Amino acid sequence: MSIRGNWLLYKTKREPMKRGVAKSFQSPNRREDELAPAKFDGDLIVKEEPVETGRLVTVSTKTPTTAHLIFLHGGAFTVRGTESHRQLIELIVKQTNAKVTYFDFPLAPEHTAQETVAFTFDAYLKLIVENPADRFVLWGDSAGAGLALVLLAKLRDQQEVLPSTTLLISPWVDLQMANPELDGLAPHDPELPIDALRKSAQQYAGHLALTDPTVSPLYADLTNLGPIDIYYGDTELLVPDTKKLIDKMHQSAGTTVRSYELKNMMHDYVLWTKLPETKRTLAKLRSLLVD
């Protein structure tokens with residue numbers, strides 16, 4: 001645990017962060033667009049492509065490699081990508097020279113899991129057809145990490161080409177959130193508001209059961225998903241479900257998982273880009289993107 005990480009944990013425990021997060025989940029802002037092309041660093045090339053209920057935003061340098069990162073963002077399936085997500089994309093593009101495509105998928109409460117998964121699946125196939133020479137890596141944080149697993153399972157079931165590897169940050173994989181351990185951990189999580197998460201989960205599920213694999217990949221068949229790296233903080237209320245996921249993956253043929261539990265780190269800690277822990281995690285991501 002770094003000094004900067006200790007300071008962040010101390011600060012968030014003493015400020016009303018949970019209330020702000022809960023408000024953003026329950027009353028999501030649809031006016032601000034932090035992933036608008038004009039907001040990116042002017043030295044980068046940004047291509048925006050509408051795709052039915054969402055869009056793809058691809059960011060690159062002027063001389064990109066064939067490495068291509070697909071990014072599925074967090075936000076409880078209700079919140080748009082944030083300034084921190086944009087900063088992460090800029091860092092990765094500049095440090096690796098890879099292309100990064102941000103999937104701006106449809107969100108609850110206007111849309112539900114079936115629409116979000118359909119968009120993500122179709123957008124992935126569109127991207128690989130349009131970039132046949134590229135080597136794809138899949139990356140997701142929080143809700144986006146759970147969606148990444150749903151995408152992998154659907155690609156496998158439809159016998160489509162999977163990305164070469166996947167990296168997940170603080171995955172939200174069981175939207176039922178019925179594990180009794182979660183309520184005991186919730187008061188100690190400085191960031192995640194459990195009641196707001198449960199409400200967002202219901203909105204996202206729509207008419208599907210919260211245990212439907214389309215909603216909660218913890219209940220999916222996790223075989224043959226390829227290599228997956230999982231990073232998460234030990235202060236997260238989602239830790240018990242993350243450990244269940246990792247255990248299930250270890251028992252799933254054709255799926256190789258490496259997991260990293262970071263001491264005193266918060267949920268989705270990579271959104272704080274100056275943390276040493278974030279820099280080390282991004283170093284791993286860079287290693288997956290460098291040819």
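**Labels and their grounds**

Q: Why does the chain agree with a compact globule?
A: The chain has 291 residues, so a compact globule would have a radius of gyration near 19 Å; the chain has 18 Å, which agrees. The radius is taken over C-alpha atoms, and the rule is 2.2 Å times the number of residues to the power 0.38. Along the principal axes, the C-alpha atoms fill a box of roughly 50 × 40 × 35 Å.

Q: What kind of model is this, and which values count?
A: The model is predicted: local features need pLDDT of at least 70, side-chain atom pairs count only at pLDDT 80 or more, and totals for chains, interfaces and linings use all residues. Residues are numbered from 1 along each chain as its sequence is written, and side-chain values use heavy atoms, with hydrogens and water left out.

Q: How many helices and strands does the chain have?
A: There are 9 helices and 8 strands. Both are DSSP runs numbered from the N terminus: helices are H or I with at least four residues, strands are E with at least two.

Q: Why is K94 called partly exposed?
A: Buried means under 20% relative accessible area, exposed over 50%, and partly exposed in between (1.4 Å probe, protein chains only). K94 has 47% relative accessibility, so K94 counts as partly exposed. K94 sits in helix α3, residues 83-96.

Q: Which residues does K94 contact, leaving aside its neighbours within four places in sequence?
A: They are D41 and L44. Contact means heavy atoms within 4.5 Å.

Q: Why does A201 count as buried?
A: Its relative accessibility is 0%, so A201 counts as buried. A201 belongs to helix α7. Apart from neighbours within four places in sequence, A201 is in contact with W172, L175 and L210. T78 is 123 residues from A201 along the chain, and their C-alpha atoms are 9.3 Å apart.

Q: N224 and D268: what is noted about phi at N224, and what at D268?
A: N224 is not a glycine, although its phi is positive at about 55°. D268 has a positive phi of about 55° too, and is not a glycine.

Q: Where does N224 lie, and where does D268 lie?
A: N224 is in the loop between α7 (194-205) and β7 (226-233). D268 is in the loop between β8 (255-262) and α9 (276-289).

Q: Why is N224 called partly exposed, and why is D268 called buried?
A: N224 has 44% relative accessibility, so N224 counts as partly exposed. D268 has a relative accessible area of 4%, so D268 is buried. Across the chain, 58% of the 291 residues count as buried.

Q: What is the omega of the cis peptide bond joining A108 and P109?
A: Omega is about 5°. P109 lies in the loop between β4 (99-104) and α4 (113-130).

Q: Which residues does UniProt list for "domain: Alpha/beta hydrolase fold-3"?
A: The unreviewed UniProt entry lists residues 69-270. UniProt positions follow the numbering used here, feature names are shortened, and annotations may be inferred rather than shown by experiment. In the model, that span is 38% helix and 19% strand, and its end C-alpha atoms lie 16 Å apart.
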